[in-house]
There are 2 protein chains.
Amino acid sequence: MAPQLEPFFKQVDDLSGSFIDRLRKAVAIPSISAQDENRKDVFKMAQFLASELEALGAEVEQRPLGKQPGKEHLDLPPVVVARYGNDKNKRTILVYGHYDVQPALKEDGWATEPFELTVDDQGRMFGRGSTDDKGPVLGWLNVIEAHKKAGVDFPVNLLCCFEGMEEYGSEGLEEFIQAESKKFFKDADAVCISDNYWLGTEKPCLTYGLRGCNYYSVSVSGPAQDLHSGVFGGSAHEPMTDLVNILSKLVDPKGKILIPGIMDLVEPMSEEEKSLYPNISYTMENLHESLGSETGIHPTKEETLMARWRYPSLSIHGIEGAYSAPGAKTVIPAKVIGKFSIRTVPNMESEDVNKLVFDHIKSEFAKLNSKNKLDVWLQHDGKWWVASPKHWNFTAASKAVQQVFGVEPDMTREGGSIPVTLSFEQATGKNVLLLPMGSSTDAAHSVNEKLDKRNYIEGTKLLGAYLHYVAEEPMNH
Amino acid sequence: MAPQLEPFFKQVDDLSGSFIDRLRKAVAIPSISAQDENRKDVFKMAQFLASELEALGAEVEQRPLGKQPGKEHLDLPPVVVARYGNDKNKRTILVYGHYDVQPALKEDGWATEPFELTVDDQGRMFGRGSTDDKGPVLGWLNVIEAHKKAGVDFPVNLLCCFEGMEEYGSEGLEEFIQAESKKFFKDADAVCISDNYWLGTEKPCLTYGLRGCNYYSVSVSGPAQDLHSGVFGGSAHEPMTDLVNILSKLVDPKGKILIPGIMDLVEPMSEEEKSLYPNISYTMENLHESLGSETGIHPTKEETLMARWRYPSLSIHGIEGAYSAPGAKTVIPAKVIGKFSIRTVPNMESEDVNKLVFDHIKSEFAKLNSKNKLDVWLQHDGKWWVASPKHWNFTAASKAVQQVFGVEPDMTREGGSIPVTLSFEQATGKNVLLLPMGSSTDAAHSVNEKLDKRNYIEGTKLLGAYLHYVAEEPMNH
């Protein structure tokens, strides 16, 4: 055990009541970035964080990001950046989190007031932002406070980057990260982000990969306006007929992508990678529970997790322009736009994927011999990210998990995207680690969001222990 | 020429100004059946019609239909029934029309106030309800008035049935027609409905057939709630994947229905029926104009009209439950409901069609080997209707067209439904004729609805002439 951990851990336990109070104060500020009327609360939350960090002795700045694009009457919330420690002999760790939250209304179905932290007898701390992402952000502050009060030397220089627009597309952050890469972030030796979740409820995980996403629209149009199906049915090419035909050629019912060449872009599975899966704490029951059904495609947990994390998938999201209301309407829609996306993985480059998608759809449409007009385009893309789980940044985190929780963490990837991860990797050139605090049942973005007291307090210990191990870990990259 | 027509025609011309005034008064009453707040206007319009008919010497009743189902705070508008003449030596003709209208707001894009009849220098009379169906309804009143003022003996006993809920599903009418079949309607020798449109703008038509419509929903469901495509894509059966697959197996891009057995139900084309098509005043340019594009399926007008009128068609209308908004959302919808309908023709019986549809869809779904759940059901059906165009009712109308317009009418069918047609046929057991007044450019249900002065005035002559010829025509059925 690293010599300094025992007094730090004890101090965290002693301060647990005040750490929960800190979270209570933060949750009470409805810093909803998506709602104009709450923008002042987002600023208030930035000020709260800055004041707390200053009181702990950090050098803090609230960096303005200018006006909100498209909503120029609103100022973007600042990025709260802080430096704690400036010792050339210590490693410097950059941590990211966000202090804005999703909208929440009691009447959405919350059992408690969403902006009042409410702790039940099982230690579940309910409140909007408790787990996403105020708890983890405050975790870093708690770590500083516990070190100070325990008289333990802080093991690293800590750089904090806390943004206030994460739940609204991280407006302005990408440019900020780029601009500061050789300035405020230049000393960073590694990056740690605590803004995702354990795979289950018992075992922590370290996350080393995320899929990317290429989102497409395919439109078919014919008549100048919607037609009555009684009057015109049978005499005109119908855009919906063509579109469902095309959409049916994208993916089969078992999830196999039917676009030729796509699977050739996927990096083959190495034996080393394959060996990570059997140990992961996950069962088919976990899948069925989260689906609320037994409609999983694959028979084993390994195949299921691989399909989710390291293979691409294609989902058809819906159709714009067709009749989508309940009831019956006898319309022939004049123009319909299918929406689908491909989750991408190494080594799928966006341009290569686009070309294969466009060629396939155009070729399938040509086979229809329709007089309608086809168009297909990329709506947006975001690249996949995979870090090496053998990097010292991960090794340190793994040791910290074993120290605090007594288990080896699951080495996980995620199927979705956290774009800031790639932004930090590209801007700093350093290893990025995703080190979650919350568990799979925390209901981020949903009603009754919560963070378990155990995850918050032991999670604070984990973040602190990670900083100790990362300070000591020999460089291997 | 029937001896009595000349003075009648002259009287119609002399009264044309007052006939237009009558239409102006009717259009000024916003008798919108779909809007609760206009229900009083629908009643006002019933009273207007009843008063006008009484003033002309008809026996009139406003028959209540009770409360509106599902909106019990509203009374259904009455059916205005009237009898003009009660001579056992004359034929009795039952005419139907409706006095309610579609909603209309100036801001929808009307060039004029929708409830002020506005006549432009080309004789186009703009106003909501002008062509659908107040003009044709008042046509019958105009016929009575012109006969009285010209001192011409009225050739038939006329029974009127004018309803006030046609634009809202003819609530209560079906039962009323059934109930009155052996009472108020018992003397009817034939039925005439003026509530559709010429195929073009120059040549009148007589309509002898309508397609039916079977409207289906097919749902596929899997997970208990919508899923995030990043988190679950590739690991769960996606309902949208299955649904687009099924929808793609219903109809090919050239409109060919892919459900086995459907085409076997269709009555073969007789030589006699085939011979009606070449003479019809319709061109491919007419089709392209109404489509606003050149995306017609068939190369000739004959094939186009046959596809529309006497062959079934299948249209896919849309999907409920999938993402239908503009933009991008990375959702895996948990339950999606496809909507499609089949336009039916002789001799497709609804139950036979349903069985073929259900069997085909279940069989296609089984091929997918999906763990999702399928459901398919009929939302509603309405039967096709075909009358004999050789019946004396049609022969009389044809002679009237030749008399008034100097051309033989097009013998048409329509692709859509007018359910009341079949109701009258079934309730009275008599031949039903659709005798339109308006033209294809009248924009019923749309902005800038209009009725051309020529169609209204010559149309009034046509309705009167029809009554004279129908009085004289030898019985052939």
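How many bridges pair strand β11 of chain B with β16(B), and in which sense do the two strands pair? In this predicted model, the count is 9 bridges, and the sense is antiparallel. Strand β11 covers residues 212–221 of chain B. One pair to look at is Val218(B), which sits opposite Val376(B) in β16(B).

Zooming out, that pairing belongs to an open sheet of 4 strands in chain B, ordered β13-β15-β11-β16 and paired antiparallel. The edges are taken by β13 (313–320) and β16 (373–382) of chain B, each of which pairs on one side only. From one strand to the next, the twist averages 20°. Two helices of chain B pack on this sheet. Helix α7 (residues 239–247) touches β11, β13, β15 (335–344) and β16 of chain B, and its direction makes about 150° with that of β11(B). Helix α11 (residues 350–368) touches β11, β15 and β16 of chain B, with its direction at about 160° to that of β16(B).

Over in chain A, strand β15 (residues 335–344) is mostly covered, with 9 of its 10 residues buried. Strand β11 (residues 212–221) of chain A runs antiparallel to β15(A) and is joined to it by 10 bridges; here Tyr215(A) has Ser341(A) as its bridge partner. Strand β13 (residues 313–320) of chain A also runs antiparallel to β15(A), through 7 bridges, and in this case Ile316(A) is partnered with Phe340(A). Asn347(A) lies in the loop between β15 and α11 (350–368) of chain A.

How do the two chains relate?

Helix α10 (residues 301–309) of chain B is mostly covered, with 7 of its 9 residues buried. Among them are Leu305(B), Met306(B) and Trp309(B). The buried residues of α10(B) pack against α6 (229–232) of chain A, and also against α8 (271–274), α9 (284–291) and β18 (410–414) of chain B.

On to the cysteines. With a cut-off of 2.5 Å between cysteine sulfur atoms, the count comes to 0 disulfides over all chains. Cys160(A) shows why: its closest cysteine sulfur, in Cys161(A), is 8.9 Å away, too far for a bond. Cys160(A) is buried, at a relative accessible area of 2%, and Cys213(A) counts as buried at 5% relative accessibility.

A cis peptide bond, with omega about 10°, joins Asp132(B) and Asp133(B), and Asp133(B) lies in helix α4 (residues 130–150). Ser170(B) is not a glycine, yet its phi is positive, near 50°; it lies in the loop between β8 (157–163) and α5 (173–180) of chain B. Ala443(B), likewise not a glycine, has a positive phi of about 60°. Ala443(B) is placed in the loop between β19 (432–434) and β20 (450–452) of chain B and counts as partly exposed, at 27% relative accessibility.

Methods: Residues numbered from 1 in each chain as written. Chains lettered and ligands numbered in written order. Predicted model: local features only at pLDDT ≥ 70, side-chain atom pairs only at ≥ 80, totals over all residues. Heavy atoms only, no water. Pairing = 2+ DSSP bridges. Axes fitted to C-alpha atoms, helices over the stretch in contact; angles between N-to-C directions. Contact = heavy atoms within 4.5 Å. Buried < 20%, exposed > 50% of the residue type's maximum accessible area, 1.4 Å probe, protein only.
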